[in-house]
Amino acid sequence: MNANQFLKAVSQLQGWRECAFLLTLAERAFPNYALFADAVGMKSGGKMRQLLDLAWDLLQEDATEAAIPQLLTKLEALSPNVEDYDAYGVYPAFDFCQLLEQALLNRLNPNKHRATDASHLATKTVMDFVEMSEGEGMDEDELVRLFEQHPLLKEDKLFQRDTLLALKRQRTPRGDFISQLRTDAANDGVSNLGISLEG
């Protein structure tokens, strides 16, 4: 599956498949939020974990629309303001919040396509991190080569593609399938930036 085929397939996601795709991106990015919250003493990692779990639960239930605005309000309260922090970690943490927001908004308004932007956002989180940690002083050509060869970006591409293929093959959001999707996305607590909750 080349890049164009991948983007086309993402753009065709709808219904529960699109929501599941958004949730897997958020799940993979969750440690970025949890570690940042811990590092700056926000003490909100546990609450955010509960929120993400509730979002997964909504995937297999007919979500009562009344519950979702409440969850979005909670998410907003738990989201860091990037201008309040000097630490780089606020950006991946905020990106996670945006991914979870897209998943919740998808349940509220399933007719608006969100997966393509979310896919780009998840990859951009990794690209920004790679550039920040390894790309200092590089020109554009060198950066492009760094991105093409970087294991974190290869991993991100593979994860998104495998998730997409699994969703395309699956006919209904069965519990065992969703559970496997979650487990794969959680990646033993290692995020898309290669950082771990076990630390």
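How do the residues of the lining of the largest pocket divide into nonpolar, polar and charged? They come out as eight nonpolar, five polar and five charged. Keep in mind as you click around that this is a predicted model.

**Stop 1: the pocket**

The largest pocket holds about 530 Å³ of space. To find its middle, select Ala3, Phe6, Thr123, Asp156 and Lys157, which are the closest to the centre among the 18 lining residues. Next, colour the helices around it: α1 (3–11), α6 (115–134), α7 (140–149) and α8 (151–169) are the elements that each give two or more residues to the lining.

**Stop 2: a ring pair between α2 and α9**

Now for the aromatic rings. The structure holds six aromatic pairs. Pick tryptophan 16 and phenylalanine 177: their ring centres are 6.1 Å apart and their planes stand at 90°, so this pair is edge-to-face. Tryptophan 16 belongs to helix α2 (residues 15–39) and phenylalanine 177 to helix α9 (residues 175–186), so the pair ties together parts that are 161 residues apart in sequence. Are these two buried or exposed? Tryptophan 16 is buried, at 15% relative accessible area, and phenylalanine 177 is buried too, at 13%.

**Stop 3: further along α2**

Select phenylalanine 36 and tyrosine 85 next. This aromatic pair is also edge-to-face, with 5.1 Å from centre to centre and 85° between the planes. Again, distant parts of the chain are linked: phenylalanine 36 is in helix α2, while tyrosine 85 is in the loop between α4 (67–78) and α5 (90–108), 49 residues apart. Tyrosine 85, by contrast, is partly exposed, with a relative accessible area of 27%.

**Stop 4: a ring cluster and an arginine**

Which residues do ring pairs link into a cluster? Show Phe30, Tyr33 and Phe96 together and you have it.

**Stop 5: one more arginine**

For the last stop, select arginine 28 and phenylalanine 159. The charged end of arginine 28 sits over the ring of phenylalanine 159, 3.8 Å from the ring's centre.

Key. Residues are numbered from 1 along each chain as its sequence is written. This is a predicted model: local features need pLDDT of at least 70, side-chain atom pairs count only at pLDDT 80 or more; totals for chains, interfaces and linings use all residues. Side-chain values use heavy atoms; hydrogens and water are left out. On a 1 Å grid over the protein atoms alone, a cavity is a set of points where a 1.4 Å probe fits but cannot get out, and a pocket is an open set with protein on both sides within 12 Å along at least five of seven lines; lining residues have an atom within 4 Å of a point. Grid points are joined across faces, edges and corners, and a volume is the space filled by probe spheres set on the points. Helices (H or I, at least four residues) and strands (E, at least two) are DSSP runs, numbered from the N terminus. Ala, Val, Leu, Ile, Met, Phe, Trp, Tyr, Cys and Pro count as nonpolar, Asp, Glu, Lys and Arg as charged, and the others, Gly among them, as polar. Rings of Phe, Tyr and Trp (its six-membered ring) pair if their centres lie within 6.5 Å; planes under 30 degrees apart count as stacked, over 60 as edge-to-face and the rest as tilted. Buried means under 20% relative accessible area, exposed over 50%, partly exposed in between (1.4 Å probe, protein chains only). A charge sits over a ring if NZ of Lys or CZ of Arg is within 6 Å of the ring centre and within 35 degrees of the ring normal.
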